[in-house]
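Subject: The structure I promised you

Hi,

Here is the structure we talked about, ready for you to open and turn around. Have a look at it first, then read on for what I found.

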Amino acid sequence: MNLVTPDFGLLFWMVVIFGLVFFLLAKFGFPVITDMVDKRSAKIAQSLKDADEIEARMASWKVEQAQMLEATRKEQSQMLREATETKARIVADAKAQAQAEADKILTEAKAQIEAEKESALRDVRKEIALLSVQVAEKVLRHELSDEGSQRAFIDQLVDEASQAQMRS
Amino acid sequence: MILTFLISLLLQVSGGDTLSSASLRDPVRANAPERVSPPENEESSDIDVGEIIFEHIGDEYEWHITEWKGKPVAIPLPCIVIDNGVHVFTLHHAAENGYTLNENGKLVNAATGKRPVDLSITKNVLALIMSSLLLLVIVLLTARWYRKHDAMKEAPTGLAAAMEPLVMMVHEMARENIGEDYRKFSPYLCMVFLWILLNNFLGIMPFFPGGANLTGNIAITLVLALFTFFIVNLSGTKHYYKEIFNPDVPVFLKPVMPVIEVFSAFMKPVSLTIRLFANMLAGHIMILSMVCIIFIMAKYGPLLSGSMTLVSVLFGVFLDALECLVSFIQAYVFTTLSCIYIGLARAKEE
């Protein structure tokens, strides 16, 4: 059967032509294409890896950032709290100091007032004593203008004095 | 046009031809053969389907394209024979040079009846030259794109974009199956794959420059398989040959295994040859048979021939689609198997 017997002429030409085309393409055709595409694939793979790395780094940055933000917030609230405390303390201190000062002033004032009062009283007493002496003088001068009354008065004074002596 | 064609065809069938008898050309892929001519001369419209089919899938010394007004339109091709010197002539002048065709349609020496060394540029050789040139141009143009452009920065366009997936598919296949020195073998595998694919598709094409049944020709597939065979066995590692001649098997198997292994090494190219050849040939025969049904049924009246024409056109379309699939699958299978065989031959000791 002629279908399954290979024809020599065709065998010959096939070897020659296929071999020639294969030689040309293996030299100038396929390696150019495959090398280039392989290089490109390698580059793509590298780029993907790089992108992954960058993404990972970004993620870690993000975490860091969040941590920093958290820390800052904590610090802020801490400072705020401290400030409030300081304020309260200062106010309380000031109040206490003011109170003390006021008390002191008050006490001093009271003391002064007391002293003033004392001296005033003393003055008044002195004045009154003086006045009463003068009044007594005048009264005495007037009453003792006669002898009789002078005597009576001296007696009375002696009595009184003696009574006072006895009592003491 | 188709009508003229069909009429001329019927005339041709009834008239008979001296050189290439029964030259029914493939009209199915013209895809409108519903209008079948009425049987003009019933007594002589018996069509020899076998002859038509064999003439299609076989080889010939001129490229018969069609019939025009009862005369064959063919590209004359040079017959080259070596038989006491080189003789070059066209088929029409075969007799003058002392050659004639034998019953298989091959040139023989008219005097002795023996086959000379026949290096004629036949239809298949011309198809081979054209398709190989086409492949050469396609791949070199693709390679040119990669030379002229920076593939790192631009995506391939046009031809390069179309060819890249095919080439890279085979390249990846080589990488997966062969191992670290796959780059040495990848061009061969790419070449085989693209060559078979291109010729399978050209084979389905019903008109010039396609239509030659190259990949369904056993000489062609044999050469392809032998290329694989030599590449496999010339690049075989020590380990590969040890596995063939001195495998690690129980002692009583030692004498048997080399025989089996050597036989299997030689059967690999045979199976490659037959697989591709038979698949493509069968596809061609099926499609041609579908087409022939139209012409066989022509004499059975309009109803029967009309309905059968519809059926065979539908089947023809289906078979053509199937052939497109088979074209790819067979190219892929041949390449994959070649790749696996090379991979086995490059095996290293574990």
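**What is in it**

Chain B has nine helices and seven strands. Chain A, by contrast, has two helices and zero strands. Keep in mind as you read that this is a predicted model. For the complex, the predictor gives an ipTM of 0.81 and a pTM of 0.72.

**How confident is the predictor?**

Chain B has a mean pLDDT of 82, and 87% of its residues reach 70 or more. Which elements of chain B sit at the two ends of the scale? Helix α1 (residues 2-15) of chain B has the lowest mean pLDDT, at 40, while α5(B) has the highest, at 93. Residues 1-44 of chain B stay under 50 in pLDDT, and the model has 79 contacts beyond four places in sequence for them.

**Two rather unlike chains**

Let's take chain A to begin with. Its C-alpha atoms fill a box of roughly 200 × 30 × 20 Å along the principal axes. A compact globule of 168 residues would have a radius of gyration near 15 Å, but the value for chain A is 65 Å. Buried residues make up 9% of the 168 residues in chain A.

Now chain B. Of its 350 residues, 37% count as buried. If you take the contacts in chain B with a separation of 6 or more, 68% of them are between residues 24 or more positions apart.

**Where the chains touch**

**The nonpolar cores**

The largest nonpolar core has 62 residues, and those with the most contacts inside it are B:Leu189, B:Met191, B:Val192 and B:Phe193. Which elements supply at least two residues each to this core? They are α1 (8-143) of chain A together with α3 (123-148), α4 (158-178), α5 (186-204), α6 (218-234), α8 (256-296) and α9 (302-345) of chain B. The largest share of this core, 11 residues, comes from α1(A).

Leaving aside neighbours within four places in sequence, B:Leu189 is in contact with B:Val170, B:Met173, B:Ala174, B:Thr335, B:Ser338 and B:Cys339. There is also a second, separate core of 11 residues, which includes B:Ile52, B:Ile293, B:Ile294 and B:Ala298.

**The strands of chain B**

Strands of a sheet pair through backbone hydrogen bonds, either parallel or antiparallel. Strand β1 (residues 62-68) of chain B and strand β2 (residues 71-76) of chain B run antiparallel and are joined by six bridges. Within this pair, B:Thr66 stands opposite B:Val73 in β2(B). β1(B) and β2(B) form a hairpin with two residues between them.

There is an open sheet of three strands too, in the order β4-β3-β7 (chain B), with antiparallel pairing. Its edge strands are β4 (86-89) and β7 of chain B, and each pairs on one side only. Strand β3 (residues 79-82) of chain B pairs with β7(B) over two bridges, and B:Ile82 stands opposite B:Val117 in β7(B).

Most residues other than glycine have a negative phi, and most peptide bonds are trans. So which way does the phi of B:Lys69 go, positive or negative? Phi of B:Lys69 is near 50°, a positive value in a residue other than glycine. B:Lys69 lies in the loop between β1 and β2 of chain B. B:Lys69 counts as exposed because 10 other C-beta atoms are within 10 Å, and the cut-off for exposed is 12 or fewer.

B:Asn84 has a positive phi as well, of about 60°, although it is not a glycine. You will find B:Asn84 in the loop between β3 and β4 of chain B. With 8 other C-beta atoms within 10 Å, B:Asn84 is exposed.

Technical notes. Residues are numbered from 1 along each chain as its sequence is written. Chains are lettered from A and ligands numbered from 1 in the order in which they are written. This is a predicted model: local features need pLDDT of at least 70, side-chain atom pairs count only at pLDDT 80 or more; totals for chains, interfaces and linings use all residues. A nonpolar core is a set of buried Ala, Val, Leu, Ile, Met, Phe, Trp, Tyr and Cys residues joined through C-beta atoms within 7 Å. A residue is buried if 20 or more other C-beta atoms lie within 10 Å of its own, exposed if 12 or fewer, and partly exposed in between; C-beta atoms are placed from the backbone. Helices (H or I, at least four residues) and strands (E, at least two) are DSSP runs, numbered from the N terminus. Two residues are in contact if their C-beta atoms, placed from the backbone, lie within 7 Å. Two strands pair if DSSP finds at least two bridges between them. The radius of gyration is taken over C-alpha atoms; the globule rule is 2.2 Å times the number of residues to the power 0.38. pLDDT is the predictor's confidence in each residue, from 0 to 100.
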